[in-house]
Amino acid sequence: MSQYTIRPLRKEDYPAVASLLSLIWSLPTTGEQLRAEEESIPPGQLHYGEDGQLMGWDRPKWVAVNERDEVAGYAIAWRAPWNEPGSLNVTLVVHPDDRGCGAGRALAREMRGWAHEVKASRLVCFIKEDDQASLEFAERRGYARERHTFESVLDLASYRNDALFQCIETAERSGIRFVTLADEPGEENERKLHELYRITHQDIPGYNEDFPWFEEWRKWNLEIPGVRAEFVHIAKAGERYVGVATLQQNELSGEDMYHQYTGVLPECRGQRLGLALKLQAVRTALAYGATSLRTHNDSMNAPMLRINRDQLGFQAAPGNYKMVSRLR
């Protein structure tokens with residue numbers, strides 16, 4: 001019999017949950033950040049499409065507590081309005097000292113029971129490729145590997161690749177201007193950036209969802225911890241935004257950054273704008289004293305992998321598998 005009790009998350013649980021999530025996320029988080037994020041989201045409102053598929057949004061959260069009332073595990077099942085109908089995104093993490101003792105199994109049962117209750121058709125999660133125990137845990141519960149996302153790390157402490165920076169000058173001679181969102185503040189320019197994200201997201205391998213409307217996109221891209229206007233690098237052709245590269249700083253240490261997003265309009269590709277934007281991001285990371293830069297790429301995104309690995313010198317690190325469990 002499990003020694004753990006499963007209950008809904010409480011406000012006082014956020015610091016312990018942040019510690020757990022920091023074990024599996026690329027950038028660590030804090031209880032304050034998690035609580036602020038959750039409080040910015042309106043109460044769940046699920047509904048069903050004409051075909052009966054689950055739609056809308058919700059974010060139920062559970063913790064597993066031990067006999068000393070300590071948080072040993074955490075699970076969340078969530079969907080946003082733009083997610084694929086029927087789909088639920090899930091995360092489950094258990095403290096290493098409590099694994100194999102029933103906390104994960106109990107959380108998984110609770111989460112799957114809720115998914116059946118709301119008539120979800122599939123569950124989606126991401127698990128580190130070198131976490132064999134977690135992969136096997138998921139596979140025993142009906143999850144299958146659908147896609148592979150690589151992680152890459154650039155050591156900035158010893159970064160030397162000055163010749164590459166000439167591609168920035170080449171782009172500028174062709175009429176491209178490089179600015180940041182700090183140079184061009186205001187809603188009008190943010191909406192131009194939103195449109196650039198919307199168009200370029202369609203080319204991400206495996207992306208099959210609707211794109212968030214402006215206010216939601218802004219919340220999850222410009223207002224998240226560690227993203228500042230000066231970290232959003234933009235390539236302009238005249239007044240048109242044609243490319244973007246966005247950084248996110250680890251606010252807890254300040255010593256590393258995450259390359260959150262890169263996109264170039266389809267008609268502007270082949271001009272090394274993606275490389276030039278990434279080099280602008282490298283310059284910013286160096287200027288802010290970052291010692292490393294991390295990013296993720298889908299295994300089928302060969303052009304971006306070529307820029308990161310072959311041209312910029314990012315080194316391979318364990319990435320994630322996208323795991324899917326079909327419920328009906």
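These are my notebook entries on a few places I looked up in this structure.

**Entry 1: the model**

I am working from a predicted model. I kept that in mind for each entry below.

**Entry 2: helix H8**

I began with helix H8, residues 273-287. How far apart are the end C-alpha atoms of H8? They are 21 Å apart, and this agrees with the 21 Å that its 15 residues should span at 1.5 Å a residue. I then checked how covered the helix is. I found 12 of the 15 residues of H8 buried. Among them are Leu-273, Leu-275, Leu-279, Val-282 and Ala-285. Lys-278, Gln-280 and Thr-284 are also on the list of buried residues.

Arg-272 sits in the loop between strand E12 (256-264) and H8. Arg-272 is not a glycine, yet its phi is positive, near 65°. I noted Arg-272 as partly exposed because its relative accessibility is 46%. After H8 comes Gly-289, which also has a positive phi, near 80°.

**Entry 3: another positive phi**

I noted Asp-69 for its phi of about 65°, which is positive although the residue is not a glycine. Asp-69 belongs to the loop between strand E4 (61-65) and strand E5 (71-78).

**Entry 4: the nonpolar cores**

Which residues touch the most other members of the largest nonpolar core? They are Tyr-159, Phe-178, Leu-193 and Leu-279, in a core of 49 residues. H8 gives the most to this core, namely eight residues. A second core of 26 residues is separate, and I noted Val-90, Val-94, Ala-138 and Met-323 as some of its members.

I then followed Tyr-159. Setting aside neighbours within four places in sequence, I listed its contacts as Leu-154, Leu-164, Phe-165, Leu-279, Val-282 and Leu-312. Of these, Leu-279 and Val-282 are buried residues of H8.

**Entry 5: aromatic pairs**

I counted six aromatic pairs. Tyr-197 and Trp-217 make an edge-to-face pair, with 5.2 Å from centre to centre and 70° between the planes. Tyr-197 is in helix H6 (residues 187-201) and Trp-217 is in helix H7 (residues 214-221), so this pair ties together parts that are 20 residues apart in sequence. Are these two residues buried or exposed? Both Tyr-197 and Trp-217 are buried.

Next I looked at Phe-231 and Tyr-288, which are also edge-to-face, at 5.0 Å centre to centre with 85° between the planes. They link distant parts of the chain, 57 residues apart. Phe-231 is in the loop between H7 and strand E10 (232-237), while Tyr-288 is in the loop between H8 and strand E13 (292-298). Phe-231 counts as buried because its relative accessibility is 0%. Tyr-288 has 34%, so I wrote it down as partly exposed.

I also found a cluster linked by ring pairs, made up of Tyr-197, Phe-214, Trp-217 and Tyr-261.

**Entry 6: cysteines**

How many disulfides does the structure hold? I found zero. Cys-167 is in no disulfide, and the nearest cysteine sulfur, in Cys-268, is 15 Å away. A disulfide is a covalent bond between two cysteine sulfur atoms. The cut-off for a disulfide is 2.5 Å, so the sulfur of Cys-268, 15 Å from that of Cys-167, is too far away for a bond. Cys-167 is buried at 5% relative accessibility, and Cys-268 is buried at 11%.

**Entry 7: Thr-29**

I looked up Thr-29 in the loop between helix H1 (14-21) and helix H2 (31-39). Thr-29 is buried, with 11% relative accessibility. Its side chain makes a polar contact of 3.0 Å with the side chain of Gln-33. Not counting residues up to four places away in sequence, Thr-29 touches Ala-18, Leu-21, Ser-22, Leu-34 and Leu-252.

Trp-78 is in strand E5. With 27% relative accessible area, Trp-78 is partly exposed. Trp-78 and Asp-58 are 20 residues apart in sequence, but their C-alpha atoms are 5.5 Å apart. Leaving out neighbours within four places, Trp-78 is in contact with Asp-58, Arg-59, Asn-83, Leu-88 and Asn-89.

Last, I turned to Glu-172 in helix H5 (residues 166-173). Glu-172 is partly exposed at 42%. From Glu-172 to Ala-235 I noted 63 residues in sequence and 9.5 Å in space, C-alpha to C-alpha.

Terms used
Residues numbered from 1 in each chain as written. Heavy atoms only, no water. Helix = DSSP H or I, 4+ residues; strand = E, 2+ residues; numbered from the N terminus. Buried < 20%, exposed > 50% of the residue type's maximum accessible area, 1.4 Å probe, protein only. Expected span 1.5 Å × (residues − 1). Polar contact = N/O pair within 3.5 Å; in protein donor to acceptor, adjacent residues only side chain to side chain. Contact = heavy atoms within 4.5 Å. Core = buried A, V, L, I, M, F, W, Y, C linked by side-chain atoms within 4.5 Å. Phe/Tyr/Trp six-rings, centres within 6.5 Å; stacked < 30°, edge-to-face > 60°.
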